[in-house]
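Let's take a friendly walk through a protein and its ligand. Have the viewer ready as you read.

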Amino acid sequence: MRIELVLGDITEQRADAVVNAANSSLLGGGGVDGAIHRRGGPAILDDCRRLRASHYGAGLPTGQAVATTAGDLPAQWVIHTVGPVYSTSEDRSGLLASCYRESLRVADDLGARSVAFPAVSAGIYGWPIDDAARIAVDTVRSTPSQVSDARFVLFGQDAYTAFAKALNP
Ligand code: AR6
């Protein structure tokens with residue numbers, strides 16, 4: 001698997017699948033989630049509502065992942081995953097690692113070979129970027145998968161630098 005870093009907006013990425021840093025409701029929010037629903041159009045929310053009406057009546061649990069159409073995005077699928085809110089009193093890194101592992105598992109189920117990831121939990125959910133980057137890179141690197149192109153799409157120089165350090169310590 002080739003791991004690549006890109007400074008930019010995940011909604012502009014051409015990839016088989018783009019990962020969304022969603023919340024359990026699957027019904028949208030701010031950050032990457034807001035951008036993906038805005039640029040991808042209503043087809044994504046329609047699929048999310050169907051998931052809520054079927055398998056995920058109580059929402060998508062933290063650390064898990066599920067796919068929908070990518071609507072108007074230049075990708076085929078959006079893989080929604082729910083990162084943990086950062087906590088100083090409890091170590092939730094296992095849940096953050098699980099987001100990347102489960103997203104790759106869903107990508108394998110879909111037959112996706114290229115996947116673009118944001119820095120899950122590192123925005124509104126408050127995870128310190130250096131630690132978020134280390135967990136993201138270590139997990140994607142060590143998870144067996146058919147994905148050949150894993151791309152981290154970072155939305156600012158600080159995030160890009162943190163991921164570059166995690167990739168080449
Ligand atoms: N492309 C790539 N990265 C982005 C983009 C973009 N268009 N926009 C923001 N980022 P966040 P979280 C970066 O807050 O912390 C939502 O309301 C951002 O700078 O999107 O997992 C959901 O509904 C940060 O580095 O996700 C949830 O309620 C990273 O993406 C909650 O926020 C993640 O920031 C999830 O919070």
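Ser121 has a relative accessible area of 5%, so the residue counts as buried (buried means under 20% relative accessible area, exposed over 50%, partly exposed in between, with a 1.4 Å probe and protein chains only). The backbone of Ser121 has a positive phi of about 75°, although this residue is not a glycine. You can find Ser121 in the loop between β5 and α4 (helices are DSSP runs of H or I with at least four residues, strands are runs of E with at least two, and both are numbered from the N terminus).

Before going on, a word on the ground rules: this is a predicted model, where local features need pLDDT of at least 70 and side-chain atom pairs count only at pLDDT 80 or more, while totals for chains, interfaces and linings use all residues. Residues are numbered from 1 along each chain as its sequence is written, and side-chain values use heavy atoms, with hydrogens and water left out.

## The ligand and its pocket

Where does the ligand sit? The ligand is in the largest pocket. Here a pocket is defined on a 1 Å grid over the protein atoms alone, as an open set of points with protein on both sides within 12 Å along at least five of seven lines; in a cavity, by contrast, a 1.4 Å probe fits but cannot get out, and lining residues have an atom within 4 Å of a point. A molecule sits in a pocket if more than half of its atoms lie within 2 Å of the grid points. Two elements give two or more residues to the shell around the ligand, β2 (15-22) and α1 (31-40). The largest share, four residues, comes from α1.

In total, 22 residues surround the ligand, and the closest are Asn23, Gly30, Val32, Asp33 and Ile124 (a residue is near a molecule if one of its heavy atoms lies within 4 Å of it). By class, this shell has twelve nonpolar, eight polar and two charged residues (Ala, Val, Leu, Ile, Met, Phe, Trp, Tyr, Cys and Pro count as nonpolar, Asp, Glu, Lys and Arg as charged, and the others, Gly among them, as polar).

Which side chain has an N or O atom 2.9 Å from a nitrogen atom of the ligand? That side chain belongs to Asp9. On the oxygen side, a polar side-chain atom of Asn23 lies 2.7 Å from a ligand oxygen atom, and a polar backbone atom of Tyr125 is 3.0 Å from an oxygen atom of the ligand. Taken alone, the ligand exposes 700 Å², and the protein buries 89% of that (areas come from the Shrake-Rupley method with a 1.4 Å probe; for residues, only the protein chains shown count as cover).

A polar contact is a pair of N or O atoms within 3.5 Å; within protein, one must be able to donate a hydrogen and the other to accept it, and residues adjacent in sequence count only if both atoms are side-chain atoms.

Two more residues are worth a look. Ser103 is in helix α3 (residues 93-110) and counts as buried because its relative accessibility is 1%. The Ser103 side chain reaches the backbone oxygen of Cys99 at 2.7 Å.

His80 is in strand β4 (residues 75-82) and is also buried, with a relative accessible area of 1%. The side chain of His80 makes a polar contact of 3.2 Å with the side chain of Asn20.

Leu26 is in the loop between β2 and α1. Its phi is positive, about 65°, although Leu26 is not a glycine. At 3% relative accessibility, Leu26 counts as buried.

Trp127 is in the loop between β5 (114-117) and α4 (129-142), and this residue is buried at 3% relative accessibility. Gly156, in the loop between β6 (149-154) and α5 (157-167), is partly exposed at 24% relative accessibility. Gly156 and Leu7 are 149 residues apart along the chain, and their C-alpha atoms are separated by 6.6 Å.

## Along helix α5

Thr161 is found in helix α5 and is partly exposed, at 35% relative accessibility. The C-alpha atoms of Thr161 and Ile129 are separated by 9.5 Å, with the two residues 32 apart along the chain.
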